[in-house]
Amino acid sequence: MSVLVFAGASQFAAVGYVLGGFSWLGVVVLTAFINARHLLYGAALAPYLADRPRPLRAVMAHLLTDEAFALSFAHFRRIGRGDVAGYWLGAIGSTFIPWNVATLAGVTIGGSIPDPNRFGLDVIFPAAMGGLAVGLILGRRELVAAVTGAIAGVAVSLAWDPAAGIVAGGLLGPLAGMAARTDGGGRTLEGPGDEPGADQSAGDEPDPDRPEADDPEAGLP
Amino acid sequence: MSTALVPLAVLMGLVTYPWRALPLLVPGMHRLPAGVRLYLRLVGPAVLASLAAVNTTVVLDAQRHPSFHVGWEWLAVALCVAIVALRRNLFLGLVVAVAAIALLRAAGVAPLP
């Protein structure tokens with residue numbers, strides 16, 4: 001499952017559903033729902049990879065995860081273009097191999113660990129997602145999008161379902177971010193080919209305090 | 001090791017792949033209007049923050065009913081976020097977060113959600 005699906009949240013949910021005796025149809029529908037957010041990731045990365053061969057993009061798509069997206073998107077934005085080698089490094093080196101090695105380790109020796117959560121392993125995922133989000137915040141718009149996404153995500157999760165909450169956060173957060181006034185707080189690097197600092201959207205002023213103004217590595221986790 | 005769930009994994013993979021592949025394979029995605037590109041640029045922080053917040057504050061019972069959770073996990077995640085914001089070091093943030101919650105649980109302060 002870790003090789004074929006390669007999507008942690010839906011895998012955890014599927015295990016719970018299978019153990020709970022749910023039908024396969026229910027598990028498959030839930031999986032499609034939970035992983036719908038990847039549509040947004042693919043759309044965000046697409047402009048950077050448009051000039052790559054289609055078969056290559058088809059393979060890259062299978063390895064698109066939360067982590068691979070965060071690492072490669074930050075990297076692409078920093079250098080102002082797509083970078084296939086950088087994508088593989090984030091998607092395979094940092095995610096696919098460790099995820100599957102850890103899955104194999106869990107299958108073979110996991111049973112000997114009485115309660116992994118005792119060691120705080122359950123906080124790794126939310127902490128990593130929070131940290132990766134911080135790495136993508138370069139100005140007020142990203143900050144507003146992140147805060148709104150978090151609030152909307154929790155609200156919809158409590159009212160309906162966490163999978164819906166995450167998608168809602170991903171849809172509503174950017175709308176709030178777009179509506180936010182930057183007041184000098186945001187760089188607006190729009191896409192591939194744009195030079196850092198060369199593109200300010202209407203009403204934006206350059207912000208000398210933004211981290212990447214003097215630190216080319218800022219923005220990467 | 002049982003292979004009974006392999007067909008299920010295949011089906012799960014089949015419904016996941018289109019979400020990932022469609023935007024990358026559909027022509028014209030690189031010629032989007034500026035407003036759409038700005039929206040897509042903000043998707044990353046929004047989804048990742050949503051994932052972090054939901055996985056920290058929402059727990060599901062056996063019937064998958066969600067409820068709001070207040071616990072020391074908030075502190076651990078906040079520590080990680082603060083370290084990344086201040087030091088730009090995700091690995092250090094994760095180590096501190098895990099160590100903090102493990103110590104609190106060992107001390108009996110932070111029960112599992």
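**Entry 1, chain A overall.** I worked from a predicted model. I counted 9 helices and 0 strands in chain A. Read from the N terminus, the order of elements is α-α-α-α-α-α-α-α-α. I then checked burial: 45% of the 221 residues of chain A count as buried. For contacts in chain A between residues at least 6 apart in sequence, I noted that 60% join residues at least 24 apart.

I looked up helix 5 (residues 66–79) and helix 7 (residues 124–136) of chain A, whose axes come within 10 Å and cross at roughly 20 degrees. Angles under 35 degrees count as roughly parallel, so helix 5 of chain A is roughly parallel to helix 7 of chain A. The crossing of helix 5 past helix 7 is left-handed. On the helix 5 side I listed A:D66, A:E67, A:A70, A:F73 and A:A74, which meet A:M129, A:L132, A:G135 and A:L136 in helix 7. By class, this contact has 6 nonpolar, 1 polar and 2 charged residues.

I found 86 residues from chain A and 63 residues from chain B in the contact. Elements giving two or more residues to the chain A side include helix 1 (8–19), helix 4 (54–62), helix 8 (140–159) and helix 9 (162–179) of chain A. Helix 5 and helix 7 of chain A are also among them. Helix 7 of chain A gives the largest share, 13 residues. I sorted the chain A side by class and got 54 nonpolar, 23 polar and 9 charged residues.

Conventions:
Residues numbered from 1 in each chain as written. Chains lettered and ligands numbered in written order. Predicted model: local features only at pLDDT ≥ 70, side-chain atom pairs only at ≥ 80, totals over all residues. Axes fitted to C-alpha atoms, helices over the stretch in contact; angles between N-to-C directions. Helix = DSSP H or I, 4+ residues; strand = E, 2+ residues; numbered from the N terminus. Parallel < 35°, antiparallel > 145°, perpendicular 65-115°, else oblique. Left-handed = near helix turned anticlockwise from the far one by under 90°. Contact = placed C-beta atoms within 7 Å. Nonpolar A, V, L, I, M, F, W, Y, C, P; charged D, E, K, R; others polar. Buried ≥ 20, exposed ≤ 12 C-beta atoms within 10 Å, placed from the backbone.
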